[in-house]
Each structure stands twice: as C-alpha cells, then as structure tokens.
Amino acid sequence: MTCEVKDQAEKLAAYNKLAGPAVKAGGGRILARDSRVVAHDAGIAERTVLIEFDSFEQAVAAHESAAYQEALIALSDGVERDFRIVEGID
C-alpha cells in the first residue's frame with residue numbers, strides 16, 4: 001500500500017509541474033485551488049481546482065493542447081478525476 005501512495009504522490013507532483021504552465025499558456029486563470037470545499041450528494045470534495053478562460057472554446061483547446069496532454073500522461077492512473085468544462089454566463 002505505501003508504494004501505491006508514493007507512486008500516486010509522484011504522479012500528482014509530475015502532473016502539477018506540467019499542468020499549471022499548460023493552463024496558463026492556454027489563457028487560463030486559476031481562481032481556486034485546494035481551498036475549503038463542502039461537497040453535497042455525490043460530489044467530490046478533494047482537490048478542487050477552478051480555472052477561468054475567456055471562452056468555452058479556449059478552455060477546450062487548452063485541455064486538448066499537447067502541453068496539457070503531456071501532463072495527463074504524467075498523471076496516468078495516479079488519481080481518480082472528475083473533470084468538467086462548463087460554459088459560463090454573463
């Protein structure tokens with residue numbers, strides 16, 4: 001078990017090193033990360049990150065970028081993710 005936890009931590013660290021610059025290069029602005037969270041129903045309260053982009057299309061492009069895909073490869077199966085891109089309102 002300890003080995004799995006260490007592997008998970010290493011994968012998450014590798015992802016963090018690559019993902020932040022990839023998001024910023026794609027025009028993303030981090031609004032919240034690892035803040036206090038209250039989750040209801042089936043929500044996941046662990047490690048919540050909220051990122052704002054100028055458009056829905058820009059967010060999709062950032063996720064599909066080679067730089068972010070490299071971060072996802074580094075993360076691999078290191079964590080279970082619940083990832084969404086949501087169009088905002090004015």
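1. The lining of the largest pocket divides into 23 nonpolar, seven polar and 13 charged residues. Here Ala, Val, Leu, Ile, Met, Phe, Trp, Tyr, Cys and Pro count as nonpolar, Asp, Glu, Lys and Arg as charged, and the others, Gly among them, as polar. A pocket is an open set of points on a 1 Å grid over the protein atoms alone, where a 1.4 Å probe fits, with protein on both sides within 12 Å along at least five of seven lines; lining residues have an atom within 4 Å of a point.

2. The model is predicted: local features need pLDDT of at least 70 and side-chain atom pairs count only at pLDDT 80 or more, while totals for chains, interfaces and linings use all residues. Residues are numbered from 1 along each chain as its sequence is written, and side-chain values use heavy atoms, with hydrogens and water left out.

3. The volume of the largest pocket is about 1500 Å³, taken as the space filled by probe spheres set on the grid points, which are joined across faces, edges and corners. Its lining has 43 residues, and V49, L50, I51, F83 and R84 lie nearest the centre.

4. Three helices and two strands occur in the protein chain, in the order α-β-β-α-α along the sequence. Helices (H or I, at least four residues) and strands (E, at least two) are DSSP runs, numbered from the N terminus. Each of α1 (2–25), β1 (29–33), β2 (49–52), α2 (56–64) and α3 (66–75) supplies at least two residues of the pocket lining. The largest share, six residues, comes from α1.

5. K11 sits in helix α1. Is K11 buried or exposed? K11 counts as buried because its relative accessible area is 17%, and buried means under 20%, exposed over 50%, partly exposed in between (1.4 Å probe, protein chains only). The K11 side chain makes a polar contact with the side chain of D77 at 2.5 Å. Such a contact is a pair of N or O atoms within 3.5 Å; within protein, one must be able to donate a hydrogen and the other to accept it, and residues adjacent in sequence count only if both atoms are side-chain atoms.

6. R33 belongs to strand β1 and is partly exposed, with a relative accessible area of 46%. Leaving aside residues up to four places away in sequence, R33 touches R47, T48 and V49, where contact means heavy atoms within 4.5 Å.
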